Protein chains: 2
Amino acid sequence: MKALVERVRSQDQRALARAISFVENDHPDKLSMLSDFAKTGHRAHYIGITGSPGAGKSSLVDRIITAVRQAGKTIAVIAVDPTSPFSGGALLGDRFRMHKHFSDPDVFIRSMATRGSLGGLARSTKDAVRVCNAYGFDYVLVETVGVGQSELDIMKVADTTAVVLTPNSGDVLQIFKAGIMEIADLFVINKADLPGVQKLKTQLSEFMHIVHHEHWVPPILETISTENKGIDELLHKVEQHHRFLQQTEAGRNKQTRQLTFEIYDIIREQIWLDVKKFIEADDEKQNTLKAGKNPYTIAKEWLRDWKRERG
Amino acid sequence: MKALVERVRSQDQRALARAISFVENDHPDKLSMLSDFAKTGHRAHYIGITGSPGAGKSSLVDRIITAVRQAGKTIAVIAVDPTSPFSGGALLGDRFRMHKHFSDPDVFIRSMATRGSLGGLARSTKDAVRVCNAYGFDYVLVETVGVGQSELDIMKVADTTAVVLTPNSGDVLQIFKAGIMEIADLFVINKADLPGVQKLKTQLSEFMHIVHHEHWVPPILETISTENKGIDELLHKVEQHHRFLQQTEAGRNKQTRQLTFEIYDIIREQIWLDVKKFIEADDEKQNTLKAGKNPYTIAKEWLRDWKRERG
């Protein structure tokens, strides 16, 4: 496992893919591996891209990859689809994109999808981001397909979250309702050659008044990804937000809050893995289970046993 | 709290609504309250209704309520909307339905929506179902708006899960991809007066061959909820599935698996609430947090401290 960590650190893409698979499949050594990776510190800039399906996120991300590469920087993209149970680069669109940047060792694209539970997906996505960070990418970009609660959970990992909308799509209310408004650092109006841009801007500003933005007011950008328009300005704003995070107290507080979430996640998972292992190793516990028994009584007993044994 | 539990048991609907709010808002006494409620045992039949938006689930549920009442039975409905952050019966449709059955003390309808995290929503929904069970309803029905991973998590509480589809909607593939196929006990083709019913049935049968159904092959029913057609047959199949669960070994095994999930849920939450309280009570812990620190190292330290203190 140490060897794999070292291979990722020395920028071996096959090792990177393998390490992410370990994370996805809950490999027994996952936590110690992630702990090793965490020694690198948070060096990459984590960008989150979210927005309704059909907003053109994929082509926007494609343009971002190209622009980042032209600037001589490296980038990893994690594309997350919470509605799909297939995983491991199996999404058609990503295969295509992967192919396009295939020969470029400074671009890495990986799809992640649901296995088991949503909580599990959010967890593996965040872990995959951290593995990519250890590899040494300048940017790690997480792209999600929709705007729902699962996206909200996943976006907690991002330093800078960009929400993509299109004119006349009625996205704004949905985004507001889903709680995405609160986590947006940038708004991107894609397909900005369509009519309705001004109306959308007005709507966004109105909703922004409801949501509290004390230290960083999210800029509203316009892009036309099919024509490669507005991408440089977008990356410029991403950099500006990066500086805000690094150089202001409000930005550092945001980072500390994220660190707290991360620690909570790790603790929750470590304890749970331990308790589950303890319970499942004990056949007697399994045999006492019968429909109709009071789950709270059993939970109390098992928890007491675990604490006695492992405490 | 004991008084509230007793009032729910003696079928006081205001107490029921209050107890569900306690569950939603993570009241400090929540776990002890749920433990008290669990003493009732699992008496109600839990029905899950899921399917794509637009499949006519709401009107179907409305017809089910009426049919159940005509049979002299009582029913609680928990309507879950994972995309909406509003809660407490605030959804327009439910207000309407609530109004319709308002004067009937043997019907209870409650909307639940996202607060905080999806995991939280699934948890509160399951808890609300159990509170309704303790009240003494014959049926507790959980209705979700979409077909995604969140619905899958929520449906784990149901004894009988009905998946609602409409002809020519292309739902089948999405339902298969979302993993809903595996948990379906009944398929309901609603709006069965539309063309395409036969094709949908064929598709469903084909997909069912892929998914393993050993002891209970999900029947495919047809309903036209606007004309109140097929509802009796639906309830008949629900009863048949209920008997399968009670009277066969495969059915009892399913119930035991659900009990295990429930116990795991409770343990996970109990430990986490305790750890979180422990961490947040310690100002020193909060003060050591600074961006860039290794979260795994901190997690390890805090976990060690907690075990030492509470183990």
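The model is predicted: local features need pLDDT of at least 70, side-chain atom pairs count only at pLDDT 80 or more, and totals for chains, interfaces and linings use all residues. Residues are numbered from 1 along each chain as its sequence is written, while chains are lettered from A and ligands numbered from 1 in the order in which they are written.

**Chain A overall**

- Chain A holds 13 helices and 7 strands, where helices (H or I, at least four residues) and strands (E, at least two) are DSSP runs numbered from the N terminus.
- Of the 311 residues in chain A, 43% are buried; a residue is buried if 20 or more other C-beta atoms lie within 10 Å of its own, exposed if 12 or fewer, and partly exposed in between, with C-beta atoms placed from the backbone.
- Among chain A contacts between residues at least 6 apart in sequence, 76% join residues at least 24 apart; two residues are in contact if their C-beta atoms, placed from the backbone, lie within 7 Å.

**Helix H13 in chain A**

- Helix H13 of chain A (residues 295-310) has 16 residues and should span 22 Å at 1.5 Å a residue, which agrees with the 22 Å between its end C-alpha atoms; the expected span is 1.5 Å times one less than the number of residues.
- Buried residues in H13(A) are Pro295(A), Tyr296(A), Ile298(A), Ala299(A), Trp302(A) and Trp306(A).
- These buried residues fall within an arc of 155 degrees seen down the axis of H13(A), so they line one face of the helix; the arc is that of the directions from the helix axis to the C-beta atoms.
- Exposed residues Arg304(A) and Arg308(A) sit on the face of H13(A) turned away from its buried side.
- The cover over the buried residues of H13(A) includes H11 and helix H12 (283-287) of chain A, together with helix H3 (30-38) and H11 of chain B.

**Helix H13 in chain B**

- For helix H13 of chain B (residues 295-310), 16 residues at 1.5 Å each should span 22 Å, and the end C-alpha atoms are 22 Å apart, in agreement.
- Pro295(B), Tyr296(B), Ile298(B), Ala299(B), Trp302(B) and Trp306(B) are buried in H13(B).
- Their arc around the axis is only 155 degrees, which puts them on the same side of H13(B).
- Arg304(B) and Arg308(B), on the other side of H13(B), are exposed.

**Other helices of chain B**

- In H3(B), the residues Met33(B), Leu34(B), Phe37(B) and Ala38(B) are buried.
- Those buried residues lie within an arc of 140 degrees seen down the axis of H3(B), so they line one face of the helix.
- Helices H10 (residues 231-247) and H11 (residues 249-280) of chain B have axes that come within 5 Å and cross at roughly 85 degrees; axes are lines fitted to C-alpha atoms, for helices over the stretch in contact, and angles run from 0 to 180 degrees between N-to-C directions.
- On the H10(B) side, Phe244(B), Leu245(B), Gln246(B) and Gln247(B) meet Gly251(B), Lys254(B) and Gln255(B) of H11(B).
- By class, this contact of H10(B) with H11(B) has 2 nonpolar, 4 polar and 1 charged residues; Ala, Val, Leu, Ile, Met, Phe, Trp, Tyr, Cys and Pro count as nonpolar, Asp, Glu, Lys and Arg as charged, and the others, Gly among them, as polar.

**Positive phi in chain A loops**

- Most residues other than glycine have a negative phi.
- Asp26(A), not a glycine, has a positive phi of about 50 degrees and is found in the loop between helix H2 (13-24) and H3 of chain A.
- Asp26(A) counts as partly exposed, with 15 C-beta neighbours inside 10 Å.
- Lys191(A) has a positive phi near 55 degrees and lies in the loop between strand S6 (186-189) and helix H9 (197-210) of chain A.
- Lys191(A) counts as buried, with 23 C-beta neighbours inside 10 Å.

- Glu222(B) lies in strand S7 (residues 220-222) of chain B and is partly exposed, with 19 other C-beta atoms within 10 Å.
- Leaving aside neighbours within four places in sequence, Glu222(B) is in contact with Ile189(B), Ala192(B), Val197(B) and Gly230(B).
- Val217(B), in the loop between helix H9 (197-210) and S7 of chain B, counts as exposed with 10 C-beta neighbours inside 10 Å.
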